[in-house]
Amino acid sequence: MNIYNFLEAGFLGLVEGMTEFIPVSSTGHLLLVGHFLGFESAGKSFEVLVQLGAILAILSVYAAKIMKLLRDFSSDAKTRRFVLGVLVAFLPAAVIGALAHGFIKTVLFETPMLVCIMLILGGFILLWVDRLDLKPRYHNAMDFSLPMCLIIGFVQCLAMVPGVSRSGSTIVGALLLGADKRSAAEFSFFLAMPTMAGAFAYDLYKTHNQLSFNDGALIAVGFVMAFISGVFVVRYLLDYVSRHGFKLFAWWRLIVGAAGMAALMVWG
């Protein structure tokens, strides 16, 4: 292991933090960048474990709101329903992710052309959703019903296919169910906490025997970069999405997907 490996890990961590909370698929970007850089991690664990930095980024930015939820949980029924809604939305990913873990890591994560196809398809879906004349019924994520949360949770499972985007699927699902853009993005942030923490813990449990000290060092570098860039994105994404929608992210997906597909055809 040399300085180049650490630079690669730092760059991949930066990519993770910048893309985790926007609807462009952080895992898809990590897999494509890693593929063309020749970066290999034991059991493809770097791509999952580096998400810890992004998890802590949400916790740091939303610390005040999380503390308020904890304070109000015992006395406020609306707060309890919201927390329960997030947990209900998390359940499908917990069950399906555990059952399909091996297939996801050994097949889906090893198919960069699939990532490109999903990036392009998702870009067209975002353009379509952005042009719909939706009439939001929910302007606060705290008001989402439990059935709505469960449906969002099932939609989130689509993101187990790299290139789909966890944040993109949950945001689009919430929008089509009546949420406005800001509340859809905010619910996606809260749902990211148990989902990403669960993925991190389960992947660490399944692959810890494969990891070496060098792997841990690279993951630590990626974690720091993911945290720094993730804080920046979480702070500014809600306001951007509220004002401008998803068109920029849609075109980004189309460009990256098409460029990746062309590169794979030329260089393999």
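Reply: Helices here are DSSP runs of type H or I with at least four residues, numbered from the N terminus. By that naming, leucine 7 belongs to helix α1 of this predicted model. Because exposed means over 50% relative accessible area, leucine 7, at 57%, counts as exposed.

Leucine 7 is also one member of a nonpolar patch on the surface, formed by Ile3, Tyr4, Leu7, Phe11, Leu14, Met18, Leu37, Phe232 and Tyr236, with about 910 Å² of accessible area together. Two elements, α1 (3-19) and α12 (213-244), each give two or more residues to this patch. The greatest share comes from α1, which supplies six residues.

A second feature is the packing of two other helices. Two packed helices are described by the angle between their axes and the distance between the axes. For helix α4 (residues 51-61) and helix α11 (residues 181-207), the angle is about 150° and the axes are 9 Å apart. On the α4 side, the contact is made by Gln51, Leu52, Ala54, Ile55, Ile58 and Leu59. On the α11 side, Phe189, Ala192, Met193, Met196, Ala197, Ala199 and Phe200 take part. The crossing of α4 past α11 is left-handed.

Neighbours within four places in sequence aside, glutamine 51 is in contact with Glu16, Glu20, Thr27, Met196 and Ala199. Among these, Met196 and Ala199 are listed for α11 in the helix contact.

Technical notes. Residues numbered from 1 in each chain as written. Predicted model: local features only at pLDDT ≥ 70, side-chain atom pairs only at ≥ 80, totals over all residues. Heavy atoms only, no water. Patch = residues over 30% accessible without salt bridge, like charges linked within 9 Å, V, L, I, M, F, W, Y side chains within 5 Å. Areas by Shrake-Rupley, 256 points an atom, 1.4 Å probe, with all protein chains shown as cover. Salt bridge = Lys/Arg side-chain N within 4 Å of Asp/Glu carboxyl O. Buried < 20%, exposed > 50% of the residue type's maximum accessible area, 1.4 Å probe, protein only. Axes fitted to C-alpha atoms, helices over the stretch in contact; angles between N-to-C directions. Left-handed = near helix turned anticlockwise from the far one by under 90°. Contact = heavy atoms within 4.5 Å.
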